[in-house]
Amino acid sequence: MTPEIFIQILASGLLMGLIYALIAVGLSLIFGLMDVVNFAHGEFMMLAMYATFGAVLLIAIDPLFLAPLVVAALFVVGATAYLGVVQYAMRAKANLGMVQIFATFGLAVVIRGVAQLLFTPDYRNLPPNLLGGKTVSLGGIYLPLPQLAGGLVSVAAFTGLWLLITKTDFGKALEATREDAGAVALVGIDKNRVFTLGWGLGAALVGLAGAMLAINYYIYPDVGAPFALIAYVVVALGGFGSVFGALAAGILVGLVEAVSAVILPSSLKAVGIYALYLAVVFVRPRGLFGSL
Amino acid sequence: MLSRRRFVQGTALTAAAMAGPARGQAVKEVVIGALYPLSGPSAQIGVDAKTAFETAIEIINTAHADLDLPLAKEAGLPGLGGAKIRIIFADHQGDPQKGRAEAERLITQEKVAAMVGSYQSSVAATISQTAERYSVPFMSADNSSPSLHRRGLKYFFRAAAHDEMFSIIMFDFLDGLRKKGEKIDTLALFYEDTIFGTDSSNVQRKLAGERGYKLVSDIKYRANTPSLTAEVQQLKAGNADVLMPSSYTTDGILLVKTMGELGYKPKAMLCQAAGFSEQALYDAVGKQIENVITRGSFSIDLAAKRPLVGKINELFKARSNKDLNDNTAREFMALLVLAEAIDRAKSTDGGRIRDALAQTDIPGERTIMPWKRVKFDENGQNNDADPVLLQYKDQKFVTVYPEQAAVSPAVWPMFKA
Amino acid sequence: MAVHALPRDLAETTAAYDRRRRNELLFFGAVVLALAALPLAVRDVYAQNVIVLTLMYAALSQSWNILGGYCGQISLGHALYFGIGAYTTSLLYTKAGILPWFGMLAGGLLAAALALALGYQLFRLAGHYFSIATIVIAEAGLLLVHNWDWAGAATGIQWPYVPDSWATFQFGRDKLPYIYFALGLFVVTWLVTFLIEGSRWGYWWRAVKDNADAAQSLGVMIFKSKMAAAAVSAFFTAVGGSFYAAFVSYIDPESVMAFQFSLLMALPAVLGGIGTLWGPALGAAILIPMTEVTRSYLGGSGRGIDLIVYGALIMVVALARPQGLVSLFTRRPAPKV
């Protein structure tokens, strides 16, 4: 392998990793807040991609500028999922964990079915746009603009999230609720409201990832599944509930995947990611930055 | 107990003996089962197949005097007193066990006279075995794995070509170019880790060895992977004279997009259809791969020589808003071939239909395919299903090989260096 | 394993406990007899196919429940053991002519050994970290088999087409042999669960759930008992996989090792009542026919309606009966998990 190829692979892995991180952080946030693993996370991303596709066709503005709209739409989807399904799952008196898993799993299947019903199973792609298919070459290292934009947006989103959690009242309520959901009621925080907003925020984040990914990716009802599996591994690798962990783990997974595809047979590259996860949790059973 | 099938069969024979169309009303319909993935990652294929079959049914069940296709001229099956064909769709979700269960259900509950399917070769393996056990013919419309017809099954039929036939024509084409002085020495195989990708690459690897081509890349990738960057990087580094992908639509789109992102322009691409026959891929990335060549069972430009093809395409397009492609054309034709045999069998009995299928001999002109004819060998394979090579030029497919079918010569290489 | 007469909880006298255990066994016997008679009444092949799958998933879920329900180790990677059973049996049969019955045993033992080796590392992980670890190990296994040319890789393994015989466990049209084998497997897994419930292990596991201090004092023994439970669970899951391979006569990596199998083994237990004796069977009896019927009679439209119905039913059951459907039939609250 020439140094040039090696740098190219690292650069590509890094950009992909930032996207993985952005997909995963919403999952991690929701988990940190209320110990729920959302099995419909990949389907949220799929919805965001369809939303981008639909918005482009309807409004004919570049998808890049439609991302805020998609994020807002997904916020509503997430909040609705909480109010319509998850809050009932939270009330279970027995088997809490499994009820949540299967309530969200059922939700995922329903969303896929609805997507097939509404959008048909055809593969969709955005029409030519500002970034799609464009790439810049820096001394022989190619950086595709959609992924570059995705990476930058991801970094910006993480910065924003950090500010939100540390500097705002909502962030403090979020933090307080995740530490002791029972006690916050005493200080006048409406737990249900925080959870609703948390789900909205989690879905909005994966919505942002979906909007960025849609620029240069095919869209169909099952598009979320391969990303969701990676997102679960990223969240666990980083440590459930840790926002920074999701970022670090996402990047790490992107890099390891890119390198594995070269040193292993390509069809086994995911084994590299899986081995990384096992190696980390055998040494650190709570993931890289898990505090729980 | 007098089963419904026996009853139908009995009345069918009576009707045939009396040979009166009025009396033939006793058999009102012949039921055929179609097994496809109608949900899950391959649902799009199944849903398109549904439209292809519905188009074929329309041609069989209503009179189309202007179409020179089997069973087009009269309404229904004349051999069964004008009985209509009804098709029942079953969803196997790409799972061999479900395919088998659905085949059993169609045979025992719906009393289908024959079955057609199934896209995934792994599912065709279990469906055809079930068909054999119940003595009900299975017509493989679009499975390309060569292993399927080599199991000594009596009730398995495939009118279309399999991967070996497809790959041979690809290498014949390359040999021809070499003779004309093109420099083609190195190949890159790029294939998904499914039965399709494995079968395709195995044949290609063998042929490359036999005919003196060097493989500079031999990359098996995980189907539906989120990213192909590292894989394309390797292809670019190898920079083979011909890139030969065996990929479905999703990965095909991702492959071409990633090639663009990494500034890789292969000298030529020769594709094993699948995703590279799908309009969705060309809608997404067609501009980037102008002059790509793919093998096919079907080409829409046949319509120039045979207006029939254009008419069928219009009928299909009216239903689906899509042109016929490699898959839908094969599916359409498979049902016609099957119905033609049922008509000759004058029966809905599996054994009789099987015998009629074995006698099938339809000239190529009475199909919508570039085939010489439809005639099954002792394994149920049609060896006269000549494939073609198609080149994507100016947003259209043009047949470029073999010479007798070619509409214009191939542009080679794809990108002028 | 002897049934130790340990009281289920302190409020229950030994005599009452013995009576309840005996009644459970009697009830089980009645259910098995009814199930054995069922295929004689239901002759339709499609319905019999659904019965085979229902009994198989009941047995698989019962095996899963030993580890996932009673020990609280939520594995979402049991497809690995299922695949090991299916592949060991198919490879031994097609490559060496070894009859599937021996392959079944070999596959079961291999899976149990692997479960012991993995359990040693994995049981140190808590909650979701454990579950994700089981997922990635099973997925890695799937990928390795997918790339293992000698085992057919993606092409899979086709069983030869042979006349009906119990020796090769191949029956062309007849479903009864498969129904009775699946029923037998279910009976064995139920009885094993029944014995475990009444044994020291069952007592320890309940104690640990009720009382964290008990976990401390029982630490080493609990660890060993969980390892044993993992091995038992893996063994029967692999036997189920062997059965499936013989039943379908064709396997490929995706059709026996995909993630969905892991979910399908856990789902009936969760639906019926996790960590309960009857939960997996009850869950399978509802879930599997529902899955099959929605696909067969709604899936043909190609419009995703079967998915919507299936997903909505799972959601509704999970929300309406969090402690599992089995709670509809018992007055005692289901054990906490």
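This is a predicted model: local features need pLDDT of at least 70, side-chain atom pairs count only at pLDDT 80 or more; totals for chains, interfaces and linings use all residues.

Visitor: What makes H1(A) a mostly covered helix?

Guide: Counting does it: of the 32 residues in H1(A), 26 are buried.

Visitor: How do you know that the length of helix H1 of chain A agrees with what it should span?

Guide: The helix runs over residues 3-34, and at 1.5 Å a residue its 32 residues should span 46 Å. The C-alpha atoms at its ends are 45 Å apart, so the two values agree.

Visitor: Where does H1(A) bend, and by how much?

Guide: The bend is at Ala24(A), and it is about 30°. That angle lies between axes fitted to the seven residues ending there and the seven starting there. Just after H1(A) comes Asp35(A), which takes a positive phi of about 60°.

Visitor: Why is Leu58(A) called exposed?

Guide: Its relative accessibility is 76%, and exposed means over 50%, so Leu58(A) counts as exposed. You can find Leu58(A) in helix H2 of chain A.

Visitor: Why is Asp48(B) called buried?

Guide: Asp48(B) has 8% relative accessibility. The cut-off for buried is under 20%, so Asp48(B) counts as buried. Asp48(B) sits in helix H2 (residues 43-61) of chain B. Apart from neighbours within four places in sequence, Asp48(B) is in contact with Asp122(A), Glu278(B), Phe316(B), Lys322(B) and Thr328(B).

Visitor: What makes Arg295(B) and Asp163(B) a salt bridge?

Guide: The side chains meet at 3.9 Å, N to O, and a salt bridge needs a side-chain nitrogen of Lys or Arg within 4 Å of a carboxyl oxygen of Asp or Glu. This pair links distant parts of the chain, 132 residues apart: Arg295(B) is in strand S10 (residues 293-296) of chain B, and Asp163(B) is in helix H5 (residues 163-179) of chain B. With a relative accessible area of 2%, Arg295(B) is buried, and Asp163(B), at 0%, is buried too.

Visitor: How many salt bridges are there over all chains?

Guide: A search of the whole structure finds 37. One of them joins Arg20(C) and Glu24(C), whose closest N and O atoms are 4.0 Å apart. Both residues lie in helix H1 (residues 14-41) of chain C, 4 residues apart, about one turn of the helix. An α-helix has 3.6 residues a turn, so residues three or four places apart point the same way.

Visitor: How do you know that Arg21(C) and Glu197(C) form a salt bridge?

Guide: Their closest N and O atoms are 3.8 Å apart, and the cut-off is within 4 Å. Here too the pair links distant parts of the chain: Arg21(C) is in helix H1 of chain C and Glu197(C) in helix H6 (residues 176-198) of chain C, 176 residues apart. Arg21(C) counts as buried at 7% relative accessibility, and Glu197(C) is buried with a relative accessible area of 7%.

Conventions: Residues are numbered from 1 along each chain as its sequence is written. Chains are lettered from A and ligands numbered from 1 in the order in which they are written. Side-chain values use heavy atoms; hydrogens and water are left out. Helices (H or I, at least four residues) and strands (E, at least two) are DSSP runs, numbered from the N terminus. The expected span of a helix is 1.5 Å times one less than its number of residues. Buried means under 20% relative accessible area, exposed over 50%, partly exposed in between (1.4 Å probe, protein chains only). Contact means heavy atoms within 4.5 Å.
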